[in-house]
Amino acid sequence: MPQCNGFCPVVVFVHGGKFTEGDKSEAYEGARTSRWVSATRALLEKGIAVASVNYTYLDITGNEDQGLERQMREITRAVQTLKHDGLGMGILAHRMMLAGHSAGAGAAFWVAFSDDQMDPGGDSVAQTSSSVLGVFALEGQSTYDIIRWNDDVMPGDNVVNEMLYGTLLEDTRVLMEAAYNLESLTEWSDLHGPGVASYRRSLDMLALLTSGDPEFWIDNSTVVGTFGQLRTPGALYHGGEHAEALHRRALEVGVDHTAVTATTGTVRYLYGGQQTRDNNPIEFAARILGVE
């Protein structure tokens, strides 16, 4: 917690690790997320609190029984809990935004772009709004519908064929098998079986992103080149194509955003005429949260 005059706005950090590793402590320490550690310090200096959350790992040993929707529900519940209990922690629940790295970035987008998960028939936490004011994502994914990676995000790169029939993306195949709660994923038809298509769509942040959703900043500039050029898992998960896909969708539906890639540099698109000179995500967060 920073030194605040009263209660503090808050950024909620979701850690990465392919939903199979990582920890909430990465917001505060660790070489893998040194950029986040620096960001946390800068946010605290601005008078913005930083909270971080954990979630259940996907079981990639063949025993997963729920799929990736569970992690999304858990992270949503964490947001609702922080809002519900925020005043007791010195947090302003109505001045909250999400941040995430890699898988955590994708999860942050899912929560932010989904309809408000407030449930009037649930317990007091469930009755709390899950809406947030903005999202900052580092090395994030645009969707967890792998078919859209193939058709829309990286068209022409044969992502699904590589995953199913090659050796480079074997870990991705195992991960998606668990994410979609499948007994096996070895053929294209496995991605179109009963219930699988609708499950994939439920994890599609590009489709969830609609007019009225909060402003976002995505920085996928660490990978120089496309998956088709580099043929590496890092390019698949963290490449600029994901930022560009979110940029295109945001343009289509009219959502303010900033997308940063190694190819395009920083692209800002703001509706309503108020131009911003946010030079980095700290300035972005301060503006979104109303901090001078």
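In the predicted model, helix α3 lies across strands β1 (8-14), β3 (91-101), β4 (134-138) and β5, running at about 140 degrees to β3. Helices (H or I, at least four residues) and strands (E, at least two) are DSSP runs numbered from the N terminus; axes are lines fitted to C-alpha atoms, for helices over the stretch in contact, and angles run from 0 to 180 degrees between N-to-C directions. Helix α11 lies across β5, β6 and β7, at about 155 degrees to β6.

The seven strands form an open sheet of mixed pairing in the order β2-β1-β3-β4-β5-β6-β7, where pairing requires at least two DSSP bridges between two strands. Because β2 (49-53) and β7 (265-269) stand at the edges with a single partner strand each, one side of each has no neighbour in the sheet. Neighbouring strands are turned by 15 degrees against each other on average, direction ignored. Strands β5 (residues 215-220) and β6 (residues 257-261) run parallel and are joined by five bridges. Trp-217 stands opposite Thr-258 in β6.

Ala-108 is found in α3 (residues 103-113) and counts as buried because its relative accessibility is 0%; buried means under 20% relative accessible area (1.4 Å probe, protein chains only). Beyond four places in sequence, Ala-108 touches Leu-98, Ala-99 and Val-135, contact meaning heavy atoms within 4.5 Å. His-242, in α11 (residues 240-253), is likewise buried at 0% relative accessibility.

Residues are numbered from 1 along each chain as its sequence is written, and side-chain values use heavy atoms, with hydrogens and water left out. Local features need pLDDT of at least 70 and side-chain atom pairs count only at pLDDT 80 or more, whereas totals for chains, interfaces and linings use all residues.

Key: Buried means under 20% relative accessible area, exposed over 50%, partly exposed in between (1.4 Å probe, protein chains only).
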